[in-house]
Amino acid sequence: MVTLAEVAQHAGVSASTVSYVLSGKRSISAGTRQRVEQSIEQLGYHPNAGARALASNRSNIIALMIPLRTDMYVPVMMEIAIAVTTSARAHGYDVLLLTGEEGPDAVRRVTGSGLADAMILMDVELDDERLPLLRGTEQPSVLIGLPADTSGLTCVDLDFGATGALCAEHLAKLGHRDIAVIGEAPAVYERHTGFAERTLDGLRSRSRELGLRVLHRPCEGGFDAMSLTLARVFDERPGTTGFVVQNESAVEPLLALLRRQGRAVPEDVSVIAICPDQVAVQASVRLTSVAIPAQEMGRSAVEHLIAKLEGHGRDEVALIAPELTVRASTGPAPAAS
């Protein structure tokens, strides 16, 4: 292990000068700073994290609260987490991943212990129990998600309300009048998870304006659950010709069941998915979809958080506009063909 004293000797300066270069607490001439930085790089010196935290009153750690639930599509959550981690590292921060369903207790643990300098929260509910604690602390935080009340908060998210509206508009232009939404697992709606509720609100609102009839059915995903859900849809609305799927694990079972029933996609039934591009293009029918911009959401959350840590951030809601990509799974409604 290279020591601070060895760096000082190599650079021909005092140990205190090296410390000031690292901490930025005092002004150091450009020439001296460059010499110290070159010695640090050549010797491969890494400051002791504990000592650095004590000296600066900073841990240089960001806490990422990402409850991993069985009813959520984990690959998307992990893609966001990776984007957060790589972006934070580029700014000199490490990420502490908190995956338990601790709710407010996790916020108290981070704010009370000094584990991290700031927090990013995911899996945000409309009336999230963690939010009063965030508003009551001076520790910077950013939500990846949108609660019902965003006052005093910084939020980054896909505009899921506009996403739902965009799906309704696409199907309406193709002549579809009866559409079904295959949603997330029931527990997601029972928790009033923001992204699922907002998608449904946006889709229903735009559908009313366009004269579409909408049937929403949550689904656990998987073949058996999708089989029961699809049977219910056609029992209640036999004329359904358009599907919007916001449940990655239900995509392939839905396509397989439609084939089994002799319903061709898109000749008889059109399908739009709200999912990562990878899921859409690798499905058995290339799906028209609205992509989940996971990497952009993660990067944006970190940029907003760094701005707060540097003292020039502000509370705001930053929504990413949805983009619908037309592929092989949507076409004119049968009656309009």
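1. The chain holds 14 helices and 12 strands. Helices (H or I, at least four residues) and strands (E, at least two) are DSSP runs, numbered from the N terminus. This is a predicted model, in which local features need pLDDT of at least 70, side-chain atom pairs count only at pLDDT 80 or more, and totals for chains, interfaces and linings use all residues. Residues are numbered from 1 along each chain as its sequence is written, and side-chain values use heavy atoms, with hydrogens and water left out.

2. The C-alpha trace spans about 85 × 40 × 35 Å along its principal axes. Of the 337 residues in the chain, 50% are buried. Buried means under 20% relative accessible area, exposed over 50%, and partly exposed in between (1.4 Å probe, protein chains only).

3. Contact means heavy atoms within 4.5 Å. Among the contacts in the chain with a separation of 6 or more, 71% come from residues 24 or more positions apart.

4. Helix α12 covers residues 248-260. Its buried residues are Glu-248, Ala-250, Val-251, Pro-253, Leu-254, Leu-255, Leu-257 and Leu-258. These buried residues pack against several elements, including α5 (74-90), β6 (178-183), α11 (223-236) and β8 (242-245). Just after α12, Gly-262 takes a positive phi of about 80°.

5. Leu-257 counts as buried because its relative accessibility is 4%. Not counting residues up to four places away in sequence, Leu-257 touches Phe-223, Met-226, Ser-227 and Leu-230. Leu-257 and Phe-223 are 34 residues apart in sequence, and their C-alpha atoms are 8.2 Å apart in space.

6. Is Thr-154 buried or exposed? Thr-154 lies in the loop between β4 (141-144) and β5 (155-158). Thr-154 is buried because its relative accessible area is 2%. The side chains of Thr-154 and Asp-315 are joined by a polar contact of 3.3 Å. A polar contact is a pair of N or O atoms within 3.5 Å; within protein, one must be able to donate a hydrogen and the other to accept it, and residues adjacent in sequence count only if both atoms are side-chain atoms. Not counting residues up to four places away in sequence, Thr-154 also touches other residues, among them Ser-141, Val-142, His-304 and Arg-314.
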